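Subject: Two-chain model, handover and notes

Hello,

Here is the structure I said I would pass on. My notes follow it.

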Amino acid sequence: MKMRSMAVAGVAALALTGIGSGIAVAQSGPPPVATIPSLTGQSTSVKLDSGFTGALTSLDVKPAPTGNATVENGTASFPITGGNVTVYKPGEVTPYVQGTLMHDGSGLSLTKGSTKVTLENFVIDPGQPATLKGKVLANGSTVADSVTLFDLDGSTLKPITTDASANTATLTGTTVRLSADAAAALDKAFGTDAIKGGTTVGIATIVVDLPGKAASSGSGSGSMPGAMPSGGAQTGGGSTATGGVDPALLVGGVLTLAVAGGALVVVRRRRATDQG
Amino acid sequence: MSRARRRGWVAAAALLAVAGVALVVLGLTAGPRAAAPIAAADTRAPVTVTAPPPTTTAVPDLPASPPARIAVPALGVDSAVNPVGLNPDGTVQVPAPGPLYDQAAWYTGSVTPGQRGPAVILGHIDSAANGPSVFYRLSALRPLDEFTVTRADGRTLVFRVNSVKSYPKDAFPSQAVYGPTTRPEVRLITCGGAFDARARSYVDNTVVYANQISP
């Protein structure tokens, strides 16, 4: 009986150690080295691969910029109009460049005879897998609003560089390859099977404005006319907050109840034995 | 075992049972609480309001006119927008308890939507006792989602989400959120993260960065 009592007391003590212990706060990942939550400008440029342009030429397909895009000296450039980017230290987070880069109002047309395929409004997602999606039109009619046009290989990406005087950051080295779906669609449009998925289109260089770049034209400074608030905003009362479970306390309570129940059983059995 | 000793054991067991019940109750209620997780598929298609999509994001600077209404189709939000100022401690005011509590609010020290700079629109995630509020699902917005702000002059402007960020209130990046921009932008702000029951406050803020794309 003494051994049993000691065991009961030991379990109870073990259970009661749950009091005051909390839940370990979930550890967040490594901090980013740079974050731009609202991209405002600059461009994504692709130095076109001679193999890609040569293949188009051999098929008599003529590439041309559309909207605000430019093609100069073998480099196609598309202005960045929005999105965000977060850069981590390489090796700490994969992929170490994350975000979304939007390129509204620009694109590339591919024309052969009376057939014109237009790829525009590019959206780059450097995630896994990294892709470039865009809208596809055939002779002016929308074929798809958002399809993967290019696969992006970030393994060749070089470390980010910044230009303090220009207030810009540059990421270069991403290899742009034609996606299998885009190649199949182009083959179908141009009546050929010569355009292959995985074909290297070129090497991309992304230049983005860093936050705080001053307004260069137009009215207004872009600053708040009033005082900048300090800190965050108290926009909640907590009525929808969920959770509240402390596993250690809960386990401690259950064990304590078990110990109490066990003790009662022992007492009742001993009483029955004594009466018998 | 004597009767007295047995009674002692029963009393001890009863005390343990009471302690166990208390621990269970504490275990179910005393742990950390957080803003309700919002089920949002990262891969869902953007919810847009422009048809057809804009061909450019270059928009003209507009004269000042305060926002009167905000509609966020991706969240099912369509709310009046009321003005708020600053508290004596320099923090931004939020909708006070009462009939306007569950409506969005515009910080009058920021630009009006359509002007170059960040127009700041806030909304509660929830109330202390009455459940979800106007920006309850704000963290479910995704880049490329669009929403509209209608100004007092009748103009309805379209904004597109660039990013959705969460910041600790004690490390709030004021310059990134409230600093100057080169074009008309909007910041939508609400609470998020863990709920500090002692301070009766969430520890984080959710901030949506968006820029005007139309007209």
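I start where the two chains meet as strands. Strand E14 (residues 242–243) of chain A is joined to strand E1 of chain B by 2 bridges, and the two run antiparallel. Thr242(A) sits opposite Ala34(B) within that pairing. Strands count as paired if DSSP finds at least two bridges between them. Helices (H or I, at least four residues) and strands (E, at least two) are DSSP runs, numbered from the N terminus.

Please keep in mind that this is a predicted model: local features need pLDDT of at least 70, side-chain atom pairs count only at pLDDT 80 or more, and totals for chains, interfaces and linings use all residues. Residues are numbered from 1 along each chain as its sequence is written, while chains are lettered from A and ligands numbered from 1 in the order in which they are written.

Confidence

The complex has an ipTM of 0.82 and a pTM of 0.82 from the predictor. By pLDDT (the predictor's confidence in each residue, from 0 to 100), chain B has a mean of 90, with 94% of its residues at 70 or more. Chain A has a mean of 84, and 86% of its residues reach 70 or more. Where pLDDT is low, the predicted coordinates should not be read in detail.

The interface

Two residues are in contact if their C-beta atoms, placed from the backbone, lie within 7 Å. The contact between the chains takes 83 residues from chain B and 67 residues from chain A. On the chain B side, the elements that give two or more residues include helix H1 (3–29), strand E5 (117–122), strand E8 (184–196) and strand E9 (201–214). H1(B) supplies the largest share of that side, 16 residues. The chain B side divides into 43 nonpolar, 29 polar and 11 charged residues. For that count, Ala, Val, Leu, Ile, Met, Phe, Trp, Tyr, Cys and Pro are nonpolar, Asp, Glu, Lys and Arg are charged, and the others, Gly among them, are polar.

Cores and strands

A residue is buried if 20 or more other C-beta atoms lie within 10 Å of its own, exposed if 12 or fewer, and partly exposed in between, with C-beta atoms placed from the backbone. A nonpolar core is a set of buried Ala, Val, Leu, Ile, Met, Phe, Trp, Tyr and Cys residues joined through C-beta atoms within 7 Å. The largest such core has 89 residues, and those with the most contacts inside it are Ala105(B), Val120(B), Ile121(B), Leu122(B) and Val208(B). E9(B) gives the largest share of this core, 6 residues. A second, separate core of 8 residues includes Val259(A), Ala13(B), Leu16(B) and Leu23(B).

E5(B) has 6 of its 6 residues buried, so it is largely enclosed by the rest of the structure. Strand E4 (residues 104–107) of chain B pairs with E5(B) in the antiparallel sense over 2 bridges, and Ala105(B) stands opposite Leu122(B) there. E5(B) is also joined to E8(B) by 6 bridges, and these two run parallel. In that pairing Pro118(B) faces Glu185(B).

Chain A has 4 helices and 14 strands, and buried residues make up 35% of its 276 residues. Of the 9 residues of helix H2 (residues 50–58) of chain A, 0 are buried, so this helix lies largely in the open. Just after H2(A), Asp60(A) takes a positive phi of about 65°.

Backbone details to look at

- The peptide bond from Thr94(A) to Pro95(A) is cis, with omega near -10°; Pro95(A) is in the loop between strands E6 (82–87) and E7 (97–112) of chain A.
- The bond from Ser214(B) to Pro215(B) is also cis, with omega near 5°.
- Leu144(B) is not a glycine but has a positive phi of about 85°. Leu144(B) is buried, with 20 other C-beta atoms within 10 Å.
- Arg200(B), likewise not a glycine, has a positive phi of about 50°. Arg200(B) is in the loop between E8 and E9 of chain B and counts as exposed, with 12 C-beta neighbours inside 10 Å.

Regards
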